[in-house]
Amino acid sequence: MEALAKNGPCEYAERLRQASAKSLNPRRRAVLGQYFTPAPAARLVASMLAPENPGRLRLLDPGAGVGSLTAAAVEHLVSRGTVELDIVAWEIDESLHDPLRATLEQCVIWAASRGVSVRWVIRDGDYIGTTSAALAGELEAKLEQFDAIVLNPPYRKVNGNTPERQALERVGLPITNLYTAFLALTACQLSPGAVLAAITPRSFANGSYSAPFRRFFFERVGIENLHLFESRAQVFADADVLQENLIFAAREGGWPAEVCISSSYGLTDEASVRKVPTQEVVHQNDPQLFLRIPSGERDTEIATAMVSLPSSLMDLNIAVSTGKVVEFRVRDNLKVIPEPGDAPLIRPNHLIGNQIHWPNAQIQTKPNAVRVSAKSEKLLLPNGTYVVVKRLTAKEEARRVRAAVCDPSAVPGTQIAFENHLNVFHRENRGLPNDIAHGLVSYLNSSFVDLYVRQFNGHTQVNATDLRHLRYPSLRALAELGAVALRTQPQGQEDLDNIVNHILRGSTQERHLEAA
Ligand SMILES: C[S@@+](CC[C@H](N)C(=O)[O-])C[C@H]1O[C@@H](n2cnc3c(N)ncnc32)[C@H](O)[C@@H]1O
């Protein structure tokens, strides 16, 4: 025991973590989100804890597992001058209490050998239920407050009728995932000026589902430090978790003037670090409060250029919505082989390269048309020139945003239907002018848009909200871009980027001229 204590509790917890990976019940592991933090990541999380007065602290670890984060936090805080530490570790899975207790004991012994007093308590049970009840004032005990919090919260969707969802709704948190519930509740447990450090998926950073969470969270805390792992597979490599992960520190009481952003490929790669003005991370007038991560100078330039484009989609009188056909709802009306009178159905498999190939003769099992009926009529649009963008792209695809023009030269008939895995740009549910549609597709397929989207979107999904969120060139510039693209038929990404960048420079100048 003593020998282990010399090596530090972090290393001790790491051995327990590795041993536990083999013994965890896979079903329970998935339900409780038991993916424990490897020691290098735990150290990085802990290193972001910078309490204002480190001498005497209360530390919380909700969902503590075998104590990997607490152990790293103890080593870090002791190195920063903490002399007295009270730890509260929540863990719902009783089978983890023995290893957790052992790690906490190691913390006590290791700290004592440095003259530091550590006390701990394990809270058995559901962190969410108890904390939201305390927050709602339903318990006699007041909500506990902490000076520092470390967390790697469990990731799991929270469905409509579960007690967790109801408990959260009672405190005004319409939250759909356990991990954002943990983050929101811990934000309420920070004493004034206190700090939390977390490792989480990046998915809360954008998208409309997470907007209520971002409003709740960012009202209480400001992010001061943020680390992005560029590799999806590296951080929890031994647990097969394929999420883009963030490590960040957030402090109670508002945003700092600058956010320190670092990024690395994986856990052991060198990190690049920079400070960016907070305004670049969360735009002041963004009602969705997207969290952007400009990880290099180039990202900042791209974000600045995007913001200076003159138009929102609304200014262009163009809307984007998801395709109306949810196939399982209209299964009886779908047809693989189209017949006269049917409406062509456009799905992602018809988008090949930057073009629509309909019908798709290669795939004999997927539908190509919708039978026109009373049930399907409301799902159809008049045939015309639309712009479609795939909602999901494969991980290995070079670009996140994949757009194509869908027009009557590729798809015959008077009516058309779009499947729900496509975003569709339209004007009042009708097609767009031809040159505008081609300009829009060129713009959306440019590296400029792709690099910008990657700053706020860590997953392979591009939703209509993301596309509404972009700025666009003026109608005139889009028409010009469309005309140039139709005339020159750009070959390859570089060609396209040259044309788009040329028009964008003009479009930005146009805005400045209008403003002057
Ligand atoms: C992602 S693991 C992280 C464990 C540890 N913090 C680490 O970083 O290695 C989440 C932990 O939360 C626990 N957990 C899940 N739901 C919980 C709840 N409602 N209340 C308390 N603990 C919970 C799981 O059993 C699991 O040990």
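Here is a short tour of this structure, stop by stop.

Before you click, know that this is a predicted model, where local features need pLDDT of at least 70, side-chain atom pairs count only at pLDDT 80 or more, and totals for chains, interfaces and linings use all residues. Residues are numbered from 1 along each chain as its sequence is written, and side-chain values use heavy atoms, leaving out hydrogens and water.

**Stop 1: the sheet.** Show the strands (DSSP runs of E, at least two residues, numbered from the N terminus). You'll find 9 of them in an open, mixed sheet, ordered β3-β2-β1-β4-β5-β7-β6-β8-β9. Now pick β3 (117–124) and β9 (272–277): these are the edge strands, each pairing on one side only. Two strands pair if DSSP finds at least two bridges between them.

**Stop 2: two neighbours.** Select 221–229 and 258–264, which are β6 and β8; they run parallel to each other and share 5 bridges.

**Stop 3: the ligand.** Which residues come nearest to the ligand? Of the 22 around it, they are G33, T37, G63, E91 and D126; "around" takes a heavy atom within 4 Å. Next, look for polar contacts (pairs of N or O atoms within 3.5 Å). A polar side-chain atom of E91 sits 2.6 Å from a ligand oxygen.

Notes. Helices (H or I, at least four residues) and strands (E, at least two) are DSSP runs, numbered from the N terminus. A polar contact is a pair of N or O atoms within 3.5 Å; within protein, one must be able to donate a hydrogen and the other to accept it, and residues adjacent in sequence count only if both atoms are side-chain atoms.
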